[in-house]
Amino acid sequence: MKNTIDEREDQLQSEVAQRQEVEQELLRYISEMDEARDRVERQAATLIEQAEALHQGKERLDIVLQGSKDGFWDWNLRTGSAYFSPRLAEMLGYGDETVLDQHIGAWTNLIHPDDRGHTLDAWKQHIAGHTTRFENEHRLRHTTEGWKWVLVRGQVVERDANGSPRRAAGVISDVTDRKRLETELRQSQKLEAVGQLAAGITHELNTPIQYIGGNVQFLRDICRPLAALLELCDPAQEALAGSSADPMLADRFKAAIDAADLNYLRAEMPRAIEESLEGVDRVGKIVRALKEFAHPGQGEKVAVDLNHAIETTITIARNEWRYVADVVTAFDPELPPVACLIDEFNQVILNLLINASHAIEEKISGGSGGKGTITIGTRSAGDSVEIWIQDTGAGIPEAFRSRIFEPFFTTKKVGKGTGQGLSLAHSAIVRRHGGQIRFDSHVDVGTTFFVRLPIATAE
Amino acid sequence: MPQHILFVDDNPLMLAGLGRMLRPMRHEWDMAFAPGGAAALAAIEASSYDVIVSDMRMPDIDGAELLRYAIRIQPRAMRIILSGQASYGASLRSVQTAHQCLSKPCEMAMLTGKIGPALARRAPLGGEEIAVAVSEMTTLPSRPEAHRHLLAELQTPNPSTHHTAEIIASDLGMTCKLLQVANSAFFSNDRRQTLDVGHAVRRLGLDIVRQLAVSAGAFNEFDCQELLPFVEELSIHSIETRDRSEVVATSKGLARPIIEAASTAGLLHDVGKLVFAAIYGPRYGQILRRAREEQVPLWCVERDHLGASHADVGAYLLALWGLSEPVVDAVAHHHHDEGPVSEFSARTVLQAVLRTQRLQSGQHINGK
């Protein structure tokens, strides 16, 4: 019995021991599980933190891109595929209807032909490792608005084991407005320099014009008494020949009269003088016009006789229009003086006049032949004045009419027109004079531009 | 007796050309030619000239500088700059010393048209003394109040063109000088004379007006205390006459240029009094008193004691400074009364206005 009891006890003890072992193992598992759970929780927390940070980062990036109105690009150099952000597409006029292909070729195809070279060069420099960042300004074609100037910045962000670039990314900014201002500034600096030179040249020319004119006037003054004197030569010579005077003298007199071609001289001398005077007068007028046109402005609005200013510009630009058109003026003689920045006004009239000549040239080179007409008129209209410039040229096609005042918009061949004339005219008239500029155009009939300026400056 | 005229230019071809061009004037003008500033200086030291016509830009002494000497050595001479010049600095300097500025190329008619009338107005001035004193003047004094107003307005951050013009138009001295400058060849590209002060200010621009007032010394203040009340009164009378002349000329339906000439003549008709007050100071005060006490027209007393009337002197100054002939003519004849006329000019409008003023005040003294 004892044995049985002992056996039982042993059995129990071993069972207890086993259970204790199991319990311990269980406890160990539990603690391991706790540890694991802690770890998981910690990892989860880290993940959440990371996710939040990521989200914040993305949000910040979005804010930056949105605020700067910049677009974002990400380019896989191995496949050529690219990510263009919606803003980038929007910048170039792509959106709901037209889609910008998510491929690098879609971009390079839009680059202005004149800008392809330097853009490619800058890119080559960058991938070769000569520049740490790629930065380049070029023009991209907008779906409807001509050319947009963009600033592209970015860098290669991944290279393979051989160092070949695999991925590049960066931002793109629309800098068209800044470019326009830069061009305006450059233009005005250039005009200022040219103006100063021209003013100096007119000064140099005015002195010789003064004395050439004076001398020719003198010749005209003495021409009449001299002609009267020459009239007496023939009878005097005949009288001399028939007289008892020195026959040698009579012969010499005759020879001198023949040598001087006296009849021709009598007829042509006054004409030569008159025509020279006309020429000097003409040169004087051109130089005076040039002096006024180039006259450095004072940077403030002064009262200007617009009729006179326009007349001056027509004289200056004569070479631009004389072969294609006749210029007719229809000035209001009672036009009041208008407060304006004379340099800018002259530039606007010059641009419109040149555009009118080009429009006519375009039409007559199409075979219609003959010269066209440019009519420039002025009239008072209440508290403003209106200047109109009408040409009988080719007219502006319907499709372009809404865009002609856009900066860098041109229908002329690449490298010919800069697309700035009308845009500059627009900002000069509207922004700096508080005026208006508009036009009326009919294809094959012609275009009329209307410029309206307030008479007085607001004080 | 021919007038003696000196032409100065550093380019001998220019002088020869001028000489030949002006050959038809040989009976009226005795012309001399100086090739450059130094030669001109020697010439004016040696003999006297009625007119000096000088180029601006010359290597040794430039035109403005030469004329500055001329004011000292030969104050009586009429001083003209004839230049192809186009810089503001030089132009501002020349308006300080020259009576008139003309631009090259300049035809004979332009020269004779400027010199002839001025010299003709010199003849009625009895003695040399007055001719000298008037030719010598480079500015006319302004009422101190108006002058200070102008400086204050021009020194505000955003001066108003309108206010500036109003202040200048309220003062005889400043109006005269402003019209002289605005009509000098350099500032009047369109060659049309303006008599409207507002237009003249806008034509020059406030920047130039500021330079004239502040640095070029074109305007200065009347400084004889004793005559200050007289000058104030003169100003009120002048402005009233200007306004009435404008009303009369407008009511007669005259053309715009005649209206402008009439109202300018109205403002400036007594400018000779200001000239006398500036030249003679207290001595002119005695003449004013005498005319009042003895009830004799002022111009008669002026002629007796000074050799010329204020009408003569005013007309000479304005002709010298290049104001248009209708204005000069009206000023010269403002004491005459030709009675009712069928055709109106600045002269007859002014006479009509002054006649009405005399009738209204019921007196015939003081030439008003």
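Mentor: I would begin with helix 18 of chain B, residues 325-332, which is mostly covered: six of its eight residues are buried. Helices here are DSSP runs of H or I with at least four residues, strands are runs of E with at least two, and both are numbered from the N terminus. Buried means under 20% relative accessible area, exposed over 50%, and partly exposed in between, with a 1.4 Å probe and protein chains only. This is a predicted model, in which local features need pLDDT of at least 70 and side-chain atom pairs count only at pLDDT 80 or more, while totals for chains, interfaces and linings use all residues; side-chain values use heavy atoms, without hydrogens and water. Residues are numbered from 1 along each chain as its sequence is written, and chains are lettered from A and ligands numbered from 1 in the order in which they are written.

The buried residues of helix 18 are B:V327, B:V328, B:D329, B:A330, B:V331 and B:A332. Their cover includes helix 5 (108-122), helix 13, helix 17 and helix 19 (346-361) of chain B.

Helix 17, residues 310-320 of chain B, has eleven of its eleven residues buried, among them B:H310, B:D312, B:Y316 and B:L318. After helix 17 comes B:G322, whose phi is positive, near 85°.

Helix 13 of chain B spans residues 256-268 and contains B:P257; B:T264 also lies in helix 13. B:T264 counts as buried because its relative accessibility is 6%, whereas B:P257, at 57%, is exposed. Leaving aside neighbours within four places in sequence, B:T264 is in contact (heavy atoms within 4.5 Å) with B:L179, B:L195, B:L323 and B:V327. The C-alpha atom of B:P257 lies 30 Å from that of B:E136, 121 residues away along the chain.

The peptide bond from B:K104 to B:P105 is cis, with omega near -10°.

The nonpolar interior gives the wider setting. A nonpolar core is a set of buried Ala, Val, Leu, Ile, Met, Phe, Trp, Tyr and Cys residues joined through side-chain atoms within 4.5 Å. In the largest one, of 129 residues, B:F7, B:L111, B:I115, B:Y284 and B:L318 touch the most other members. B:I115 is in contact with B:I5, B:W29, B:V51, B:V53, B:M78 and B:I80, neighbours within four places in sequence being left aside. A second, separate core of 39 residues includes A:A309, A:V348, A:I437 and A:F449. In soluble globular proteins, nonpolar side chains tend to be buried together.

For chain B as a whole, 60% of the 368 residues are buried, and the secondary structure comprises 19 helices and seven strands. Of the contacts with a separation of 6 or more, 71% join residues 24 or more positions apart. Along the principal axes, the C-alpha atoms fill a box of roughly 60 × 55 × 45 Å.
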